[in-house]
Amino acid sequence: MGEWLARMKEKPWVAHLLRAVQRYGSRLGAQFAAAVTYFSVLALVPVLLFAFSVAGFLLTVARPDLLGPAAAAVSGVLGGTDAATQQKILELVRSTLSNWKGVGVVGLLSAVYSGAGWMGNLRKAVRAQWRPELDVQDTPGNLVKKVLVDLVTLVGLIVMIAVTFGLASVSTALSGTVLDLLGLSGIGWLKPVFTFTPVV
C-alpha cells in the first residue's frame, strides 16, 4: 500500500493537486473562505431590503388588490397571537410596505456598498492565495477607484453567472431537439450526455 501511494504521489497531476491543497491550507484558505461566507451572509440583508421594497411597490401601487390576501397570509402565520397583536403587526407591515421608496433607496445604497465590500474581500482572499508570499500587502491606492473597480467586477460576475445559467438551461432544454435534428435520438446514451455536458 505504501509503495502504491508513493507511486501515485509521483504522478504529475497528483503531485500538483497535493501541492495545491497544501498551499491552500498554509495560506489560510479555509479562514478566507469562512470570512467571505460571513460577508456573503451580511450582503443578503440589503438584498432582502430591496426585495421587500419591490414587494411594497407591487402590493401598494401595481396590484393593491393583492394586499388583502397578503395581509391574510401574514395573519394566518401569526395565528397563535392575540387579535390586538396581530392587528399591530399587520399595521406595521402595511405602513412599511407603503414606504417602499425609502426602503428601496436604503436597500439599494447598502446593497451597492456591501456588494463592493464583498467583492473587495473576495479579491483580497484570492490574491492572498496567488501572490508569492502570504505577508505581501496590497499596494495602497485610490479608495474610490478600488470601490468602482470592485463594483464593475461584481456586476460582471453577476452577468457572467446569469449568462452561464441561461446557456446551460437553454442547451439542456434543446438537447432533445438537437438530437432529433441530427437523427441521433435513437441512441439512448446520447440524451443523458447532451443533458449533463452543458451543465458541466
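This is a predicted model: local features need pLDDT of at least 70, side-chain atom pairs count only at pLDDT 80 or more; totals for chains, interfaces and linings use all residues.

Modeller: Residues are numbered from 1 along each chain as its sequence is written, and side-chain values use heavy atoms, with hydrogens and water left out.

Biologist: Why is the contact of Arg63 and Asp65 called a salt bridge?

Modeller: A salt bridge is a side-chain nitrogen of Lys or Arg within 4 Å of a carboxyl oxygen of Asp or Glu. The N to O distance here is 3.0 Å, so the pair meets that definition.

Biologist: How many salt bridges does a search of the whole structure find?

Modeller: The search finds 2. Another pair is Asp150 with Arg123, whose closest N and O atoms are 3.1 Å apart. Asp150 lies in helix 7 (residues 143-173) and Arg123 in helix 6 (residues 100-130); helices are DSSP runs of H or I, at least four residues, numbered from the N terminus.

Biologist: What makes Asp150 buried?

Modeller: Buried means under 20% relative accessible area, exposed over 50%, and partly exposed in between (1.4 Å probe, protein chains only). Asp150 has 6%, and is therefore buried. Arg123, at 18%, also counts as buried.

Biologist: Why is Arg63 called partly exposed?

Modeller: Its relative accessibility is 42%, so Arg63 counts as partly exposed. Asp65, with 49%, is partly exposed too.

Key:
Helices (H or I, at least four residues) and strands (E, at least two) are DSSP runs, numbered from the N terminus.
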